[in-house]
Amino acid sequence: GRSSDTYTNVIAMPLLALFDAETAVAPRGMSLERSQAQEPRNRRSFERRTKVDESLAPFAEVGEEWNVLLLGGRNYIAYEENEYTHMAKNRDEDVTVVLSGSVEKWPGGVETDLHKDTNDAEKILDLYLEVMGHDVIYDDSKLLEPLKKLQGSFAFVLFDRKGSGHVLASKDGNDTQTLHWGCTPEGGLLFGTERNLLDRCNPTATSFPNGVLFSSQGSLLATCPGSKGWSMLSGHPSGHLLSFERPDYGVKTIPRINSKGVLCGAVYRVSSSKNLDPTISA
């Protein structure tokens, strides 16, 4: 990874995102059987724009100054907009990005202060729309090269609700910005910059890996088995992790075991070997 001394050490600003199991499935190794998950510590009512729901308990913990976005279905993003936390949507409002932190240089070495008319979330949105375009087959690996060229202290979550919905999450490779994630008791996937907001995810809550892109697979996955052509697989496959710092290396799944020998989810690390398929979490 690159030295963090080069970048501004930005304090993580409030960001919270929840996606249901129909939209985003955690990578292999994170989720536990329901009987292993801990009950939430706090059960205060969620007094915002939706009915009381246990899966929304983390949003009851946020301050009144937070904005809560209902993204359709049981998918939500909450954030406190300020100098270092921004939200952006495209014109059709089917792609939403929330970014915490600051990007100092963009692909090509362009300094952000040359583009003060747009915030960093809007630039991430533009980058996503430009790279992904209108491809029929969703190839998230095309995002790795431009993400590697970003320089700064940042974490972001992106939701593209076209089709079956697609979730991306990423964090810079310098470990100067915080992002946590975990599985909720209902099977949802929760991201947050404040660790205490992920109490419902215990014991699976853990730090998001540096320099990595998480990509959900949606409810359909296209495969091309040689000369037989494309085929569609039904179901809800696990999301996967791709390293943009080291694109040729896969991301390893390391089981977490507590002092009692009980499985508590997993942590993810970029492999030190090229032998691991970079498109999967093994």
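## Exercises on a predicted model

At least two lining residues of the largest cavity come from each of α1 (120–132) and β7. Helices (H or I, at least four residues) and strands (E, at least two) are DSSP runs, numbered from the N terminus. The model is predicted: local features need pLDDT of at least 70, side-chain atom pairs count only at pLDDT 80 or more, and totals for chains, interfaces and linings use all residues. Residues are numbered from 1 along each chain as its sequence is written, and side-chain values use heavy atoms, with hydrogens and water left out.

**Exercise 1. Describe the largest cavity: its volume, its lining and the classes of the lining residues.**

Step 1. On a 1 Å grid over the protein atoms alone, a cavity is a set of points where a 1.4 Å probe fits but cannot get out; lining residues have an atom within 4 Å of a point. Points are joined across faces, edges and corners, and the volume is the space filled by probe spheres set on them.

Step 2. Count and size. The structure holds one cavity of 30 Å³ or more. The volume of the largest is about 50 Å³.

Step 3. Read the lining. It consists of Ile124, Leu127, Tyr128, Leu143, Leu147, Phe156, Leu158 and Leu168. α1 gives the largest share, three residues.

Step 4. Sort by class. Nonpolar covers Ala, Val, Leu, Ile, Met, Phe, Trp, Tyr, Cys and Pro; charged covers Asp, Glu, Lys and Arg; the others, Gly among them, are polar. The lining has eight nonpolar, no polar and no charged residues.

**Exercise 2. Which residues have the most contacts inside the largest nonpolar core, and which elements give two or more residues to this core?**

Step 1. A nonpolar core is a set of buried Ala, Val, Leu, Ile, Met, Phe, Trp, Tyr and Cys residues joined through side-chain atoms within 4.5 Å. Buried means under 20% relative accessible area, exposed over 50%, partly exposed in between (1.4 Å probe, protein chains only). Of the chain's 282 residues, 49% are buried.

Step 2. The largest core has 29 residues, and Phe19, Trp181, Phe191 and Phe214 have the most contacts inside it. Two or more residues each come from β1 (15–19), β3 (76–79), β7 (151–160), β8 (166–171), β9 (180–183), β10 (189–192), β12 (212–215) and β17 (263–270).

Step 3. Another core, of 23 residues, lies apart from it; Ala88, Val103, Trp106 and Phe156 are among its members. Phe156 also lines the largest cavity.

**Exercise 3. Which peptide bond is cis, and what is the phi of Glu93?**

Step 1. Recall the background. Most residues other than glycine have a negative phi, and most peptide bonds are trans.

Step 2. The cis bond joins Asn202 and Pro203, with omega about 10°. Pro203 lies in the loop between β10 and β11 (206–207).

Step 3. Glu93 has a positive phi, near 60°. Glu93 belongs to the loop between β4 (85–89) and β5 (95–106).

How values were computed
1 Å grid on protein atoms, 1.4 Å probe; cavity = no way out; pocket = protein on both sides within 12 Å on 5 of 7 lines; lining within 4 Å.
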